[in-house]
Amino acid sequence: SSAASDVYKRQHDSRTLGARVDLAVILLADRELAPEAETLLRDVAETRSSTLGPAHSQTIATVLNLAFALHRQKKFAESEELCLRYLAAAQAAERTPTVPLMKLRFNLGVAQMERKPKRLAAAEATFRSLVADAQQQLPADHWMRMAFHARVGMCRLEAAKDAGFLHPRRPAILTEARSQLELAVQGLEAKLGAKNRQTTEAASALHKTYEQLGLPAAAAKLRQRFPQ
């Protein structure tokens, strides 16, 4: 009927969909409301995927928020599957590595790191590929480049932990973690500030790396810079 058609159009109007995404983003500020945000974002993602295509920029922007909603609930396996599905669609559409697609790959890597059991090798491969693409696509001082380096360093730190204290390559693994994280902390602090979450997470990982390498003076100096 005409009335039903009008309702359908209103529900799928771009402004209506945008308002739903805006509401979901507000809800995501409260971890307890993440399930409600997830429901909203799944509906918008499916609608935009069917009307605009799964590789469209508006669809990808919605999926980015949906992945974050899943992370807020520690649904990392679901997030990995979601990110892989939409990244495959973007690849099939021969999309270049735009900033939104890089962010989606970043979310993929985070999900792989946080899964239980963790998919550490896959996560590190994801972040290393992001570092390589960012060198071609982003300015040298872009904060995302630094965030990608930080995650490579975090993966190296986790790899050293998994290898065990007596593993012969442990010092080399930790040394690479240190170089990646030092670069990241310096760049993130300069671009985002000392209190930004990206900066403090990288600094925390670097502090642990200094401790694992037996560098208490460096660890203490870093703690002075980032007391939080």
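**Salt bridges and a helix pair in a predicted model**

Trainee: How exposed is glutamate 201?

Mentor: Glutamate 201 is partly exposed, at a relative accessible area of 27%, where buried means under 20%, exposed over 50% and partly exposed in between, using a 1.4 Å probe and protein chains only. This is a predicted model, in which local features need pLDDT of at least 70, side-chain atom pairs count only at pLDDT 80 or more, and totals for chains, interfaces and linings use all residues. Residues are numbered from 1 along each chain as its sequence is written, and side-chain values use heavy atoms, with hydrogens and water left out.

Trainee: Which residue forms a salt bridge with arginine 151?

Mentor: Arginine 151 pairs with glutamate 201, and their closest N and O atoms are 3.6 Å apart; a salt bridge here is a side-chain nitrogen of Lys or Arg within 4 Å of a carboxyl oxygen of Asp or Glu. Arginine 151 sits in helix 8 (residues 143-163) and glutamate 201 in helix 10 (residues 197-212), so the pair ties together parts 50 residues apart in sequence; helices are DSSP runs of H or I with at least four residues, numbered from the N terminus.

Trainee: And is arginine 151 buried or exposed?

Mentor: Arginine 151 counts as buried, with 9% relative accessibility.

Trainee: What about arginine 197 and glutamate 201?

Mentor: Their side chains meet in a salt bridge too, at 3.2 Å from N to O, and the two residues are 4 apart in helix 10, which separates them by about one helical turn. Arginine 197 is exposed, its relative accessible area being 51%.

Trainee: How many salt bridges are there by this rule?

Mentor: The count comes to 19, and one of them joins arginine 225 to glutamate 189 at 2.5 Å, N to O.

Trainee: Changing topic, how do helix 2 and helix 3 pack?

Mentor: Helix 2 (residues 14-27) and helix 3 (residues 34-51) pack at an angle of about 150°, with axes 9 Å apart; the axes are lines fitted to C-alpha atoms over the stretch in contact, and angles run from 0 to 180 degrees between N-to-C directions. The two helices are therefore roughly antiparallel, a label given to angles over 145 degrees.

Trainee: Which residues meet there?

Mentor: Among them, Leu17, Val21 and Ala24 are on the helix 2 side, while Leu40, Leu41 and Val44 are on the helix 3 side, with contact meaning heavy atoms within 4.5 Å.

Methods: Angles under 35 degrees count as roughly parallel, over 145 as roughly antiparallel, 65 to 115 as roughly perpendicular and the rest as oblique.
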